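Biologist: I have a structure open and want to learn how to read it. Please take me through it feature by feature.

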Amino acid sequence: MKMAERAGRIFCTAAAVIGGVFLLLPVWGIRADAVLSGSMEPALKTGSVVFTDTGKTEPEVGDIITYRLGSSYVTHRVVEKDGGCFITQGDSNDGRDAALVEKSQIIGTAVFSVPVLGYAAVFFQKKTVFCLLLVMIIQELVFLIVSKERRARKKRAGKKHE
């Protein structure tokens, strides 16, 4: 197998595996979101991916949460509790967020982040990309089966001529 072909297959397989993991995270109760602003730096760097445990919806002061704000999502730190609501603030922001966060808005508590992978997470969560990844995985499996069968045939043919 040529070096370029092997490198291409390794790259495609790695992309398919990473993409598959991102697609399966919601099944495991984990949400992956790209960090698109610097409001949480240095804890969450712009371009990172933050993983949120959707089962942890009872945050404590100091926890980083992801919550709905209109049609978008925000990941900020809980700085205070006010009755049944939470007051949040981005680590690098000067002031607290204007709106109180109600429990019903909370998606979950952030558990960890990975620098630079944020944009990949957004990319891999699209359904079109999922279909392409599925085709890539099936293609690689077919190539593996065919090449294994070819090797087995060559081996059998070599034994017949001995």
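**A side chain among backbones**

Modeller: Start with the side chain of Gln-105: one of its polar atoms lies 2.7 Å from the backbone nitrogen of Glu-102. A polar contact is a pair of N or O atoms within 3.5 Å; within protein, one must be able to donate a hydrogen and the other to accept it, and residues adjacent in sequence count only if both atoms are side-chain atoms. Before going on, note that this is a predicted model, where local features need pLDDT of at least 70, side-chain atom pairs count only at pLDDT 80 or more, and totals for chains, interfaces and linings use all residues. Residues are numbered from 1 along each chain as its sequence is written, and side-chain values use heavy atoms, with hydrogens and water left out.

Biologist: Which backbone oxygen does the side chain of Gln-105 reach?

Modeller: That of Arg-68, at 2.8 Å. Contact in general means heavy atoms within 4.5 Å. Leaving aside residues up to four places away in sequence, Gln-105 touches Thr-66, Tyr-67, Arg-68, Leu-69 and Leu-100.

Biologist: Where is Gln-105 found, and is Gln-105 buried or exposed?

Modeller: Gln-105 sits in the loop between β6 (101-102) and β7 (106-114). Strands (E, at least two residues) and helices (H or I, at least four) are DSSP runs, numbered from the N terminus. Buried means under 20% relative accessible area, exposed over 50%, partly exposed in between (1.4 Å probe, protein chains only). Gln-105 has 17% relative accessibility, so Gln-105 counts as buried.

Biologist: How do I read the sheet?

Modeller: Strands of a sheet pair through backbone hydrogen bonds, either parallel or antiparallel. Two strands pair if DSSP finds at least two bridges between them. Here 7 strands form an open sheet with antiparallel pairing, in the order β1-β2-β7-β3-β4-β5-β6. β1 (30-34) and β6 stand at the edges with a single partner strand each, so one side of each has no neighbour in the sheet.

Biologist: How many bridges join β1 to β2?

Modeller: 5 bridges join β1 to β2 (residues 49-53), and the two run antiparallel. Asp-33 stands opposite Val-50 in β2.

Biologist: What about salt bridges?

Modeller: A salt bridge is a side-chain nitrogen of Lys or Arg within 4 Å of a carboxyl oxygen of Asp or Glu. The structure holds 7 of them. One of them joins Glu-60 and Lys-81, with the closest N and O atoms 3.7 Å apart. Glu-60 is in the loop between β2 and β3 (64-69), while Lys-81 is in strand β4 (residues 72-82), so this pair links distant parts of the chain, 21 residues apart.

Biologist: Which residue forms a salt bridge with Asp-91?

Modeller: Arg-77, with the closest N and O atoms 2.8 Å apart. Asp-91 lies in the loop between β5 (85-89) and β6, and Arg-77 in strand β4, so the pair ties together parts 14 residues apart in sequence. Asp-91 counts as partly exposed at 31% relative accessibility, and so does Arg-77 at 23%.

Biologist: Which residues are linked in a network of salt bridges?

Modeller: Glu-149, Arg-153 and Arg-156.

Biologist: And which residues make the nonpolar surface patch?

Modeller: Patches are made of residues with over 30% relative accessible area and no salt bridge: like charges are joined within 9 Å, nonpolar side chains (Val, Leu, Ile, Met, Phe, Trp, Tyr) within 5 Å. Areas come from the Shrake-Rupley method with a 1.4 Å probe; for residues, only the protein chains shown count as cover. Val-17, Val-21, Leu-24, Val-27 and Trp-28 make a nonpolar patch of about 510 Å². Val-21 is in helix α1 (residues 3-24). At 38% relative accessibility, Val-21 is partly exposed.
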